[in-house]
Amino acid sequence: MVRVLSCLQPTGEIQLGNYLGAIRRWVQDQTPQSFHGVVDLHALTIPRDPAVLRAKTLETAQLLLAAGLDPNYTTIFVQSHVPEHPQMAWLLECTASLGELERMTQFKDKSAKTEGSFTSAGLLTYPTLMAADILLYDAELVPVGDDQRQHLELTRDVAQRFNSRYGTTFVIPRAGIAKVGARIMDLQEPTNKMSKSADSPQGTVKVLDEPKDIERKIKRAVTDTDGEVRFDPVTKPGVSNLLSILAATTGVADPASLAHNYQQYGPLKADTAAAVIEFLAPLQKRYHELSDDPGHVTQVLAAGAAKARTVASVVLARAKLNVGLLPG
Ligand code: TYM
């Protein structure tokens, strides 16, 4: 059984891209070797309202349960409940180079946005905390959306460097990126990825959106003026995004194969909206059921943290020993 780990940040409302690119694959492939974390420490790279962060952390965990992660198999935990994460992150911060971290696309983009105001040091070292999340669990496979590719490459480089300096310590993980749905784009700006932190409410389908809102957002999605339905993400990003969403939500392996069913954009939009609404309905129903029993989520997270620590503490001890720290 392959050891799997993947996480998400509690930084906003979970959107369709998170679900198609990551969460639903975690659900489909879950085994007793699956670990999934709500990474609240990562969220601190940007100042947050403390009450909102706490609420979002719980809400995100509830959503993972609603999506179908079963705590009888999968370990679901909150990152800050497992103190091995920031400890391991320090060892890896001392293994990654400043240049490597400065070259990360996410750091360049996000620090450009905050330019002139405040850029935290955590924004720069974020990828080493993410590497710690992965390496602490001896994860072999990390199912993520396409935007995490570079972070996975850095994790592999840092793990290999650590192993060659201090002897074999870490399992070298690989990214698992879906063929369809790995990069869902914003409906209003289809050259940008859909994101829970982007300021694009009309371009983002949140998984808990009401059906009428989903329908409105998809019907108003930006397309183009040539009128032909064709899968070509470079010249027709809006139409191709709709075809990708339709394929991913109806279990079709190749979005291009759907194009010939449509002569106009209107019916494509109508079918895509209907497919998304149907696809999200079970998750929404279960989420609202779970809201009646918030104590359940808290219990799942306490058990998850205890289980996560049994694995993470062994790997951290191994890394500390190999790097030359005196056992306490
Ligand atoms: P985050 O919280 O931004 O996103 C969670 C997951 O959703 C995927 N995703 C998408 N997939 C397809 N289309 C989109 N538009 C889209 N937007 C987001 C992301 O690729 C991700 O898989 N750095 C990570 C969190 C993290 C992590 C980890 C992931 C921290 N530690 C360890 C894996 C392993 C992040 O910010 O994801």
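This is a predicted model: local features need pLDDT of at least 70, side-chain atom pairs count only at pLDDT 80 or more; totals for chains, interfaces and linings use all residues.

Trainee: Which residue forms a salt bridge with K236?

Mentor: The general idea comes first: side chains of opposite charge can pair when their charged atoms come close. Here the partner of K236 is D224, and the closest N and O atoms of the two are 3.0 Å apart. Both K236 and D224 lie in the loop between α9 and α10 (237–250), so the pair ties together parts that are 12 residues apart in sequence.

Trainee: Which residues are joined with K236 and D224 into one network?

Mentor: Salt bridges with shared partners link D224, D226, E228, R230, D232 and K236.

Trainee: How many salt bridges does a search of the whole structure find?

Mentor: The search finds 18. One of them joins D147 and K193, with the closest N and O atoms 2.7 Å apart. D147 is in the loop between β4 and α8 (149–166), and K193 is in the loop between β5 (174–177) and α9 (211–219), so this pair connects parts that are 46 residues apart in sequence.

Trainee: Is D147 buried or partly exposed, and what of K193?

Mentor: The class is read from the relative accessible area, with buried meaning under 20% and exposed over 50%. D147 has a value of 33% and so counts as partly exposed; K193, with 32%, is also partly exposed. A further pair is R149 with D146, whose closest N and O atoms are 2.9 Å apart. R149 is partly exposed at 45%, and D146 is partly exposed at 22%.

Trainee: Let us turn to the ligand. Which residues come nearest to the ligand?

Mentor: There are 27 residues around the ligand, and those that come nearest are Y126, D133, D147, I184 and K196.

Trainee: Which side chains place a polar atom by an oxygen atom of the ligand, and at what distance?

Mentor: For K196, a polar side-chain atom lies 2.6 Å from a ligand oxygen. For Q9, the corresponding distance is 2.9 Å. In the case of N18, an N or O atom of the side chain is 3.1 Å from an oxygen atom of the ligand.

Trainee: How much of the ligand's accessible area does the protein cover?

Mentor: On its own the ligand has 700 Å² of accessible area, and the protein covers 97% of that. The elements that contribute two or more residues to the shell are β1 (4–8), α1 (16–28), α7 (121–135) and β4 (141–144). By class, the shell holds 13 nonpolar, 10 polar and four charged residues.

Trainee: Helix α7 also holds L129. What is L129 in contact with, leaving aside its neighbours within four places in sequence?

Mentor: Its contacts are L41, H42, Q79, H85, P86 and A89. L129 counts as buried, at 13% relative accessibility. As for H85, it is 44 residues from L129 along the chain, yet their C-alpha atoms are separated by 7.0 Å.

Technical notes:
Residues are numbered from 1 along each chain as its sequence is written. Side-chain values use heavy atoms; hydrogens and water are left out. A residue is near a molecule or strand if one of its heavy atoms lies within 4 Å of it. A polar contact is a pair of N or O atoms within 3.5 Å; within protein, one must be able to donate a hydrogen and the other to accept it, and residues adjacent in sequence count only if both atoms are side-chain atoms. Accessible areas come from the Shrake-Rupley method with a 1.4 Å probe; for residues, only the protein chains shown count as cover. Helices (H or I, at least four residues) and strands (E, at least two) are DSSP runs, numbered from the N terminus. Ala, Val, Leu, Ile, Met, Phe, Trp, Tyr, Cys and Pro count as nonpolar, Asp, Glu, Lys and Arg as charged, and the others, Gly among them, as polar. A salt bridge is a side-chain nitrogen of Lys or Arg within 4 Å of a carboxyl oxygen of Asp or Glu. Buried means under 20% relative accessible area, exposed over 50%, partly exposed in between (1.4 Å probe, protein chains only). Contact means heavy atoms within 4.5 Å.
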